[in-house]
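Please look over the chain shown here. The report then takes its features in turn.

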Amino acid sequence: MIQTIDDLSRIRDKTRQRMWPRLATLAGEQNQINEYQVLVCSGTGCTASRSQAVLKALNRAIADSGLEERVRVVKTGCFGFCKQGPIIVIYPDKTFYCHVQEKDVEEIVNTHLQSGQLVEKLLYREPDREKVEQKLDELLFFEHQQRIALRNCGVINPEDIQEYIALDGYLALANVLIDRNPARVIEEIIKSGLRGRGGAGFLTGRKWQMAAQVEANPKFVVCNADEGDPGAFMDRSILEGDPHSVLEAMAIAGYCIGANRGYIYIRAEYPLAVERLEIAIAQAKEYGMLGSNIFGSGFDFSVEIRLGAGAFVCGEETALLRSITGRRGEPRPRPPFPAVSGLWNQPTLVNNVETFANIPVILRQGADWYASIGTEKSKGTKVFALAGQINNTGLIEVPMGTTLRTIIYRIGGGIPHGKKFKAVQTGGPSGGCIPAQYLDTPIDYESLAELGSMMGSGGMIVMDESDCMVDIARFYLEFSQDESCGKCTPCRIGTKRLLEIIERITQGKGEMEDLELLEVLSQDIKEASLCGLGQSAPNPVLSTLRYFREEYEAHIKQRRCPAGVCRSLFEFRVSDERCIACGVCARVCPVDAAQGKVKEGPFTINQERCIKCGACEDKCPADAIYKH
């Protein structure tokens, strides 16, 4: 039980000794160390690729080799380079091994841990380059990143509170409670320029100030960990890799606004994040970081988990608060804002995971330090989930103001298979699609809004020339329409009508008048919807109309999909000249649409039967099947 800052310091110093191979590397003192620590990624992505089997195999092999005294295996959170999982990093030399399987463990132990030699086949190679990257900090993937919210992910064991404390964890909470000046803390957060990382980017300190000024009790602190955007995994990775940073920030927020209870609202579909949160909360209680009389200050704070059922609309804070109380997740009009009347009609501070994760380091390093990063109006860094048609999918954190080109081509490694970049969609299903001519745009809240997109929680989906922008708009609109709670008519009915028009266009049944109707209806939905889901649902439609209008016109005027994606607008045909009558197409066709006799002339495709699955095109050894 930690009762004083001296108690905290003793645990910090003692734990740093056993973590020294990792910490000494950061200090450049690795030459003084003769032991290894093997960090195994245990985030969702690598776990799904059997990293835990690798971890167990490493422990067995190390024990069999008698290396227990010199080698320690540590589970960590996500390193971010998800495309290369399972990942292990060996300290103190920071060797980065990727795509590690159980069968590789014996070679790692014998070659690296016993003989000090590299296992060449497991080193990372840059796409389309011969260069082999050996060390974690040599990878181009990390060159332009600055990890603040992700600072401990891939460095500490998220299930060990002592490792969090070793990296100055809970020091900010101790200083805040000892200083006993919550107004000064709030001013520091305001001065830092930190904006909410879950949506429109409201100033975090102002939200705290608003909640603190309301004279009512009880008050509550809520962490929004719903994160329902397709392809987004920022918040869950922080909770899986560094849950104590969120707990510490919530306790600080509770002290500053006068709240004694916090709730973390997280999707039940995130079992690993939930498990590590439960472990972290239990440890924080055991060590006195949560509970009664924290640091002898008289301040009490507790945290509970509330599981969501997967409704996207519950990412909206008023719908989330209703869900916590057991009611249907539906938004309500604002004002009053949750800071005035939220959970059980009491003042409630709501921030998302990434926002909270920044708080402790801001208070330790200072507002001026944080404000020196980023742009004039968007301070600090932003975490993005980089996915889609890109070589290096994964989780990244970059300073605000970093250009899209840097993210996509330097960090992301460019577009696979030599294809051309077409667009990037930011902000999840509520964001817009940004075309190639804006690749040099610095990323911040204002610049994305000017381009018809938004920051959102940080999803970033990259598209290449094989993507149809009309179909992309249809996909995101279909998601938003399906996730609408139905409470307000503009969203419930408006998004349905938008989707019907888009589907008609993708089926080759659209008219030019539909384009004007899409724009008018989209603006009406944006202006009249109750919450952010409806207000932003038309963004993919409006942005693709703005930048890719010619694709809509091709679907309507020529009844043609330029990317060959919309099934109603193309047929699979067989080239008589190239067909070798091998019969592969007939064997793979699930509906017997490919017809002909082996070695007796070219095959044909029955268009009435064809379901356009593309199996014949994929498997044809002569490339004789094409879209027309």
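What follows is a short report on a predicted model.

## Overall build

The model is predicted. The chain holds 26 helices and 19 strands. Its radius of gyration is 27 Å, close to the 25 Å that the globule rule gives for 628 residues, so the chain is as compact as a globular protein of that length. The C-alpha trace spans about 85 × 65 × 40 Å along its principal axes.

Of the 628 residues, 59% count as buried. Among contacts with a separation of 6 or more, 70% come from residues 24 or more positions apart.

## The parallel sheet

An open sheet is formed by 4 strands, in the order β9-β8-β7-β10, with parallel pairing. The edges belong to β9 (302-308) and β10 (348-352); each has a single partner strand, so one side of each is left without a neighbour in the sheet. Neighbouring strands of this sheet are turned by 20° against each other on average, direction ignored.

Strand β7 (residues 220-225) runs parallel to β10, and 5 bridges join them. N224 has N352 in β10 as its bridge partner. Helix α13 (residues 271-286) packs on the sheet and touches β8 (261-267) and β9. The direction of α13 makes about 165° with that of β9. Helix α15 (residues 353-365) also packs on the sheet, touching β7 and β10. Its direction makes about 95° with that of β10.

## A buried glycine

Is G254 buried or exposed? G254 counts as buried because its relative accessibility is 0%, which is under the 20% cut-off. The residue sits in helix α12 (residues 243-257).

Leaving out residues up to four places away in sequence, G254 touches V221, A259, F299 and F301.

## Strand β3 and its partners

Strand β3 (residues 88-91) is covered on both faces. I88 and I90 lie on one side, V89 and Y91 on the other, and all are buried. Strand β1 (residues 36-41) runs antiparallel to β3 and is joined to it by 4 bridges. Here V38 has I90 as its bridge partner.

Strand β4 (residues 95-97) also pairs with β3, in the antiparallel sense and over 3 bridges. I88 stands opposite Y97 of β4. The hairpin of β3 and β4 has 3 residues between the strands. In this hairpin, K94 takes a positive phi near 60°.

## Aromatic rings and charges

How many aromatic pairs are there? The count comes to 16. F141 and F142 form an edge-to-face pair, 5.0 Å centre to centre with 90° between the planes. F141 and F142 are buried. Ring pairs link F81, F96, Y124, F141 and F142 into a cluster.

F475 and Y476 form another edge-to-face pair, at 5.1 Å centre to centre and 75° between the planes. F475 is partly exposed, with a relative accessible area of 38%. Y476 is buried, with 5%.

The ring of F570 has two charged neighbours. The charged end of K612 sits over this ring, 5.6 Å from its centre. The charged end of K627 sits over the ring of F570 as well, 4.9 Å from its centre.

## Backbone details

The peptide bond from R334 to P335 is cis, with omega near 0°. The bond joining P335 and P336 is cis too, with omega about 0°. P335 lies in the loop between α14 (317-324) and β10. P336 is placed in the loop between α14 and β10.

H417 is a residue other than glycine with a positive phi, near 60°. Its place is the loop between α17 (404-411) and β13 (421-426). H417 is exposed, at a relative accessible area of 75%. D592, again not a glycine, has a positive phi near 55°. D592 is found in the loop between α25 (584-588) and β17 (594-595). With 49% relative accessibility, D592 counts as partly exposed.

How values were computed. Residues numbered from 1 in each chain as written. Predicted model: local features only at pLDDT ≥ 70, side-chain atom pairs only at ≥ 80, totals over all residues. Heavy atoms only, no water. Helix = DSSP H or I, 4+ residues; strand = E, 2+ residues; numbered from the N terminus. Buried < 20%, exposed > 50% of the residue type's maximum accessible area, 1.4 Å probe, protein only. Contact = heavy atoms within 4.5 Å. Pairing = 2+ DSSP bridges. Axes fitted to C-alpha atoms, helices over the stretch in contact; angles between N-to-C directions. Phe/Tyr/Trp six-rings, centres within 6.5 Å; stacked < 30°, edge-to-face > 60°. Lys NZ or Arg CZ within 6 Å of the ring centre and 35° of its normal. Rg over C-alpha atoms; globule rule 2.2 N^0.38 Å.
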